[in-house]
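Trainee: Could you take me through how ring contacts and pockets are read in a model such as this one?
Mentor: Let us have the structure in view and go through its features in turn.

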Amino acid sequence: MKYGFPNNFLWGGAIAANQAEGAWNEGGKGLSVPDVDWHNPHLIRGGKRDADSEMTSTRLNDLLAIDEDWQFPKRSGIDFYHTYREDLALMKELGLKAFRTSINWARIYPDGDDTQPNEEGLKFYDDLIDTILANGMEPIITLFHYELPLKLVTEYGGWRNKQLIDFYARFAQTCFERYKEKVRYWILINQINLIYVESFNSLGILCDRVENLEEAKYQAIHNQFVACSLATKLGRDIDPNFKLGMMISDHNCYPETASPEDVFSTLQKNQMSQFFYGDVRIRGYYPGYALRYFEDHQLNIDWTEEELDLIKNYTADYMAFSYYYSRMNSAVRNTPELNDISRNPLLPASVWGWCVDPLGLRNSLNVYYDRYQLPLMIAENGLGALDELIEGTVEDDYRIDYLREHLKAIKEALHDGVDVFAYCAWGPIDIVSCTTNEMSKRYGFVYVDLNDDGTGSRKRFKKKSFEWYKQVIKTNGEAL
């Protein structure tokens, strides 16, 4: 029996507004968290991440005092704000059936707590989404991809403040009403589970302003759960045809050995770092293992019955996740801390230390579909590499190999009976790295001539992988 990708499969590519648009102070946009993501020119690749996962008030003030924009690459991105028409024409040539991007919250509500939206920002996304559609692509829109207005950090304390629930709901409702005739697929919050590596970026918490940082993080996550359910309620009222998804970053752990201690310790880490978020957003309630975790760690989360009812009644329509690598855990060598994990010595790794594990993607697809029985979207997948532009192109066979093996894994998962409806290659065009704030970490099928220090022509060049992915899409995944 022949099997493969369904005829209506969404072959896509994904970017984020904050990593691509630039124009950080144009069009009425307010200051946002990514605008203070500093690039470390002495970055040690494969070592500690460059972005500030934890931020203090003092450090934030120091960053705001720096007046050299080149030190903050996301302020300029790849200038997608001005080049999106030409870039999307390249995506059409590539053959993309879907294009995922985000709406920068601070471009619509510059301070986050504004009562009226910024019309210039709305008009920009009118034009952007119209251009996506005109180029034959389905828009997949992320509402919150770390673009938190900075005022919501400095004056409200970030997502740990329940007032952000209503601010986010206002932002969501504005976008739903404005783009309801154009956008069907929405991701409400990007990679909601990365509270240990995107603490400041995602949650907007200044760690010196809280007494118990872990408790503040889980309070912030609860508030995001409530905000997502409220947005789901609003979205369904506005257009019942909306598909309102939830998203995590998949980095499931394998136990290092078959010892019961390793197996159970790994289960516990996967529960709280992976499954917890889907269990709440898809099943609609806090699972017992999470309640025990809060109890054992003396975390007091403030919630009301009304909030729990909202979470129960307005769950996600589909599950999206990013997949780049897998991890390993030992009950002996690793501590019980959720983010204390190891690299798998049996797997090759990228320059940045991310283990390459295509079979892990098939494993995760099966695990999530067995658990939730909802359609799945691979919202991000790709290989960050140090590409070299030679005579107008990049011979990136390493990227082709990486993507080919991961697409084979998806094909096998489809044969397993998993409902996968979309695949978005991360960074179909080179953009600023989220984790390291550098251009050198490139994912795209299109090379952007831009260096870490902001120099370069900004011209676009097709890599070898461009023609390869074009053929993959043209043959609906047969020509791998």
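Trainee: Is W11 buried or exposed?
Mentor: Burial is judged by relative accessible area, where buried means under 20%, exposed over 50% and partly exposed in between, with a 1.4 Å probe and protein chains only. W11 has a relative accessibility of 1% and therefore counts as buried, and F5, with a relative accessible area of 6%, is buried as well. This is a predicted model, in which local features need pLDDT of at least 70 and side-chain atom pairs count only at pLDDT 80 or more, while totals for chains, interfaces and linings use all residues. Residues are numbered from 1 along each chain as its sequence is written, and side-chain values use heavy atoms, with hydrogens and water left out.

Trainee: How many aromatic pairs does a search of the whole structure find?
Mentor: Rings of Phe, Tyr and Trp (its six-membered ring) pair if their centres lie within 6.5 Å, and planes under 30 degrees apart count as stacked, over 60 as edge-to-face and the rest as tilted. The search finds 42 such pairs. In one of them, the ring centres of F5 and W11 are 4.7 Å apart and the planes stand at 55°, so the pair is tilted. W105 and F171, by contrast, have ring centres 5.3 Å apart and planes at 5°, so this pair is stacked.

Trainee: Which ring does the charged end of R371 sit over?
Mentor: A charge sits over a ring if NZ of Lys or CZ of Arg is within 6 Å of the ring centre and within 35 degrees of the ring normal. The charged end of R371 sits over the ring of F275, 4.2 Å from its centre, and K441 lies over the face of W354, 3.8 Å from the ring centre.

Trainee: Which residues lie nearest the centre of the second largest pocket?
Mentor: On a 1 Å grid over the protein atoms alone, a pocket is an open set of points where a 1.4 Å probe fits, with protein on both sides within 12 Å along at least five of seven lines, and lining residues have an atom within 4 Å of a point. Of the 15 residues that line the second largest pocket, Q268, M272, Y293, D296 and H297 lie nearest its centre. Helix 10 gives the most to this lining, with seven residues.

Terms used: Helices (H or I, at least four residues) and strands (E, at least two) are DSSP runs, numbered from the N terminus.
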